[in-house]
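This report concerns a predicted model.

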Amino acid sequence: MEEKIFQYKCEVFYEDTDMGGRVYHANYLKFIERARSKFIESLNIDQRALLTAENKFFVVKNVIADYLLPAYFGDKLVIRTTLIEIKRASMMLRQEIMKDKKRIFDCDVRLALLNSSGKPERFSVDFVNKIESFFKFSQKKIGE
């Protein structure tokens, strides 16, 4: 079975670059954050409503990133997001930034769902179903 990938396109603006004209390293994290937000939105999950109605929100627990090649002002980028695993209250996503069909940034991001006290919250069955259905993830690791 071919895995499905969520893709988000963005353009590098002047404000994204450093004095050397390259994208400033922290901005790659902003790009992948935007892609994750758009992915969750594409599942018809309203993160504002999740916060206001249920007092739950997503946080980045950790990121392992590899900066492979630079991006510059005016570049058109594609951020690709795939699911590595999903557990009770966290999931690991792989995100890649592509420029001209070349991978320039690669990272694994663990997201956790927390409540207003900062404690982990289980994903709802509906949320897990939406994620798995999008990715058609056959090697699920729910409950570990």
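Tyr67 has its place in strand β2 and is partly exposed.

Helix α3 spans residues 125-135, and its buried residues are Phe127, Val128, Ile131, Glu132, Phe134 and Phe135. These residues lie on the same side of α3 because they cover an arc of only 160° around the axis. The elements against which the buried residues of α3 pack are the strands β1 (6-11), β2, β3 (76-86) and β4 (90-99), together with helix α1 (25-42). Just after α3, Lys136 adopts a positive phi of about 50°.

The count of disulfides in the model is zero. For Cys10, which is in no disulfide, the nearest cysteine sulfur is that of Cys107, 13 Å away. A disulfide requires two cysteine sulfur atoms within 2.5 Å, and the 13 Å from the sulfur of Cys107 to the closest one, in Cys10, is therefore too far for a bond.

| Residue | Relative accessibility | Class |
|---|---|---|
| Cys10 | 11% | buried |
| Cys107 | 2% | buried |
| Tyr67 | 39% | partly exposed |

Cys10 counts as buried because its relative accessibility is 11%, under the 20% cut-off.

Notes: Residues numbered from 1 in each chain as written. Predicted model: local features only at pLDDT ≥ 70, side-chain atom pairs only at ≥ 80, totals over all residues. Heavy atoms only, no water. Buried < 20%, exposed > 50% of the residue type's maximum accessible area, 1.4 Å probe, protein only. Helix = DSSP H or I, 4+ residues; strand = E, 2+ residues; numbered from the N terminus. Arc of directions from axis to C-beta. Contact = heavy atoms within 4.5 Å.
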